[in-house]
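The following report describes a protein chain for a reader who has its sequence and its three-dimensional structure at hand. Please keep both in view while reading.

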Amino acid sequence: MLKLPNELAITQVEILHQNLLLELNSKDDICLDISDVIFADTASIQLLCALQKHLLTTHHKIIWSGKSDVLTHAINQLGLNQYLILESKD
């Protein structure tokens, strides 16, 4: 499980990208803990969309853990709530 930082900002996208690449090496579903996210910008959500797109090509998915109203709101504002469905396993 990868715990996302409290701020998903463009300044952190490269670090998040590297962490996601490490998770992809498992060739399995990716579990992301979003419970600490209190800020999310478009660049970070774009990265999550790229992850989702890649996982769909490998027949895997993102498993969301926790809840983040901020991330949910940002995804809804961008009209991506049908693509990044934040259904938590918790």
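The 16 residues of helix 2 (residues 42-57) should span 22 Å at 1.5 Å a residue, and the end C-alpha atoms of the helix are 23 Å apart, which agrees. The model under discussion is a predicted one.

Several residues of helix 2 are hidden from the surface: Ser44, Ile45, Leu47, Leu48, Cys49, Leu51, Gln52 and Leu55 are buried. Against which elements do the buried residues of helix 2 pack? Their partners are strand 2 (7-8), helix 1 (13-24), strand 3 (30-33), strand 4 (39-40), strand 5 (62-65) and helix 3 (69-77).

Both ends of helix 2 deserve attention. At its start, a side-chain oxygen of Asp41 reaches to within 3.3 Å of the backbone nitrogen of Ala43. Just after helix 2, His59 adopts a positive phi of about 60 degrees.

## Asp41, a buried acidic residue

Asp41 is found in the loop between strand 4 and helix 2. This residue is buried and yet has no salt bridge. How far away is the nearest side chain of opposite charge? That side chain belongs to Lys3, and the distance is 19 Å. A salt bridge would require a side-chain nitrogen within 4 Å of a carboxyl oxygen. The side chain of Asp41 does have a polar atom 3.3 Å from the backbone nitrogen of Ala43. When residues up to four places away in sequence are not counted, Asp41 touches Leu8, Ala9 and Ile10.

## Salt bridges

Side chains of opposite charge can pair when their charged atoms come close. In this model there are 3 salt bridges, and they are set out below.

| Asp33 | Lys3 | 3.1 Å |

Asp33 counts as buried, at 11% relative accessibility, whereas Lys3 is partly exposed, with a relative accessible area of 43%.

Asp36 lies in the loop between strand 3 and strand 4, while Lys3 belongs to strand 1, so the pair ties together parts that are 33 residues apart in sequence. The relative accessible area of Asp36 is 36%, and this residue is partly exposed. Salt bridges that share partners join Lys3, Asp33 and Asp36 into one network.

## Cysteines

How many disulfides does the structure contain? The count comes to 0 disulfides. Cys31 is in no disulfide, and the nearest cysteine sulfur, that of Cys49, is 18 Å away.

Ile62 has its place in strand 5. With a relative accessible area of 8%, Ile62 is buried. Which residues does Ile62 contact, leaving aside its neighbours within four places in sequence? Ile62 is in contact with Ile30, Leu32, Leu48, Leu51, Gln52, Leu55 and Leu84. Among these contacts of Ile62, Leu48, Leu51, Gln52 and Leu55 are buried residues of helix 2. Ile62 and Ile38 are 24 residues apart in sequence, and their C-alpha atoms are 20 Å apart in space.

Thr72 is situated in helix 3. A relative accessible area of 29% makes this residue partly exposed. Thr72 and Leu47 are 25 residues apart along the chain, and their C-alpha atoms are separated by 15 Å. Leu47 is itself one of the buried residues of helix 2.

Conventions:
Residues are numbered from 1 along each chain as its sequence is written. This is a predicted model: local features need pLDDT of at least 70, side-chain atom pairs count only at pLDDT 80 or more; totals for chains, interfaces and linings use all residues. Side-chain values use heavy atoms; hydrogens and water are left out. Helices (H or I, at least four residues) and strands (E, at least two) are DSSP runs, numbered from the N terminus. The expected span of a helix is 1.5 Å times one less than its number of residues. Buried means under 20% relative accessible area, exposed over 50%, partly exposed in between (1.4 Å probe, protein chains only). Contact means heavy atoms within 4.5 Å. A polar contact is a pair of N or O atoms within 3.5 Å; within protein, one must be able to donate a hydrogen and the other to accept it, and residues adjacent in sequence count only if both atoms are side-chain atoms. Lys and Arg count as positive and Asp and Glu as negative; His and the chain ends are not counted. A disulfide is a pair of cysteine sulfur atoms within 2.5 Å.
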